[in-house]
Amino acid sequence: AMWYRRVRMGVPLRHVTGAATGVTAIAVATAWSPRAHTAPMTSSRGLADATGRVPEWGSEHAHAMRADWACVGANKASEDRLVVAEGGGGIVCAVFDGHYGPRAAEFCKQHAESYFAKAFKAARGTTVYLEKIFDLLEGGWSEYARVLVRRGDWSASLEGACSLIAHVTPGRLLVGNLGDCRAVLIQEDDDGNLRAVQLTAEHNASRLPERTRILHEHPGEPEAVQYVAKSGSWYVQGTLQVTRAIGDLFLKDHWFSNSLPDHVKPYVGGKLKTPPYVSVTPQMVDISLTKYDKALVMASDGLWDELSNDECLAVIEGLIRTKGHGHGSSSNLEPLPADPDGKATWRARPELLAQLEEENNNAAAKLLWVALSSNPVSSKYGVEYVLGMEPGSARRQIHDDTSILVIWLQPPGT
């Protein structure tokens, strides 16, 4: 997500995407073709290997539930990550949407399952375990970032990740959220009509409740949330739109703020007075599930930038009515030998574009196609044109990194 104010500095930031600074810092060159997975759908290897460098999709199964997933990147290195795991007598799903680089989101992905297990063990039988997971992610990333900074990699102070986590067990749904990812519950009423219920709110400085909270926590500091006329948006300390996230330690801790070079500090909030300015307290939602709860959609803002809740509902409803969600599906991978530079290449396979377009057995892939088709450039030139662009700042102007999970809460046909 582009949650930072765009600035151009005299010396480029390391590990910061080109969209942020006008320079490219992490180069991942691929030719386009939808990526696919040969691992069985019941295995987590496909999702674990997903990079988003090309469109990818698949399905995971746990505790009689299926989670469809799909992702595609726009940045040089996609900053989104997805996790589906078993735990606590149910299924745990997470969307991590990084900013200022992918490393915080990647850290969350790599450590998520171990933190899930640790949190369940420490807080078994209570709702505290989900909050514990956020604490573990924040503490783990902080320790890792401190090591990186001590090695001279000060850019770790800047990186962060919006985090959306859901735990689904028989009869219960618990959701925790930091940032701008969104969870939407698809419900059916007594007359058989479906509706989309948004469960989470975006933690963004442009929202009055978040600005009010920050100013209340920092009395006498009107600069804690600033309106930037050039971009027409509000920013924490004039630099970051997101108000709750894992990481963003330069706005939470004097040590990390002081680690930044002098030429960088004026562009990322300046001198801190009373940190933290970015919260790690998640919004929590606890719901008793019934037979009327059909599906849970979780996604990074790349989806919600293109589709409203009702447009998302229309896609899901179409699959439910045609029973198209009866079984999962995945894309098909055909790797080629590495090129002389050692970079992975992929064979252009137009039939896989058609597979994504016609996909009716994977709800996340269907949503991904509709989202990719919805931006003005795709409408004029076609999705294939957009996906054929090299990932980076130009493509990032067209669409964001997009990662989607759809958890089916009821068996097909019910």
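**Basis of the entries**

I note that this is a predicted model, in which local features need pLDDT of at least 70, side-chain atom pairs count only at pLDDT 80 or more, and totals for chains, interfaces and linings use all residues. Residues are numbered from 1 along each chain as its sequence is written, and side-chain values use heavy atoms, with hydrogens and water left out.

**The chain overall**

I read 13 helices and 14 strands in the protein chain, where helices (H or I, at least four residues) and strands (E, at least two) are DSSP runs numbered from the N terminus. Of the 414 residues in the protein chain, 58% are buried. I then turned to contacts, meaning heavy atoms within 4.5 Å: among those in the protein chain between residues at least 6 apart in sequence, 68% join residues at least 24 apart.

**Cysteines**

I searched for disulfides, a disulfide being a pair of cysteine sulfur atoms within 2.5 Å, and the structure holds zero. Cysteine 162 is accordingly in no disulfide, and the nearest cysteine sulfur, that of cysteine 181, is 5.5 Å away. I also checked cysteine 312, which is buried with a relative accessible area of 0%.

**Helix 3 against helix 4**

Two packed helices are described by the angle between their axes and the distance between the axes. For helix 3 and helix 4 (residues 128-150) I noted an angle of about 135 degrees, with the axes 9 Å apart; axes are lines fitted to C-alpha atoms, for helices over the stretch in contact, and angles run from 0 to 180 degrees between N-to-C directions. Helix 3 and helix 4 are therefore oblique to each other, given that angles under 35 degrees count as roughly parallel, over 145 as roughly antiparallel, 65 to 115 as roughly perpendicular and the rest as oblique. The crossing of helix 3 and helix 4 is right-handed, a term used if the near helix is turned clockwise from the far one by less than a right angle, whereas anticlockwise gives left-handed. The residues in contact include Phe107, Tyr115 and Phe116 of helix 3, and Leu136, Gly140 and Trp141 of helix 4. By class, the contact of helix 3 with helix 4 has 14 nonpolar residues, one polar and three charged; Ala, Val, Leu, Ile, Met, Phe, Trp, Tyr, Cys and Pro count as nonpolar, Asp, Glu, Lys and Arg as charged, and the others, Gly among them, as polar.

**Helix 8 against helix 10**

I found helix 8 and helix 10 (residues 363-374) packed at an angle of about 135 degrees, with their axes 10 Å apart. That angle makes helix 8 oblique to helix 10, and helix 8 passes helix 10 in a right-handed crossing. The contact is made by Cys312, Val315, Ile316 and Leu319 on the side of helix 8, and by Ala363, Lys366, Leu367 and Val370 on that of helix 10. Seven nonpolar residues, no polar and one charged make up the contact of helix 8 with helix 10.

**Leucine 313**

I followed helix 8 (residues 309-321) to leucine 313, which is buried with a relative accessible area of 8%. Not counting residues up to four places away in sequence, leucine 313 touches Ile186, Leu194, Arg195 and Ala196. Leucine 313 and leucine 185 are 128 residues apart in sequence, and their C-alpha atoms are 9.3 Å apart in space.

**Backbone entries in loops**

Where does tyrosine 100 lie? I placed tyrosine 100 in the loop between strand 4 (90-99) and helix 3 (103-122), with a phi near 65 degrees, a positive value in a residue other than glycine, and tyrosine 100 is buried at a relative accessible area of 4%. Aspartate 248 is not a glycine either, yet has a positive phi of about 50 degrees; aspartate 248 lies in the loop between strand 11 (246-247) and helix 6 and is buried, with a relative accessible area of 0%. I also recorded a cis peptide bond that joins proline 275 and proline 276, with omega about 10 degrees, and proline 276 lies in the loop between helix 6 (254-258) and strand 12 (283-288).

Conventions: Buried < 20%, exposed > 50% of the residue type's maximum accessible area, 1.4 Å probe, protein only.
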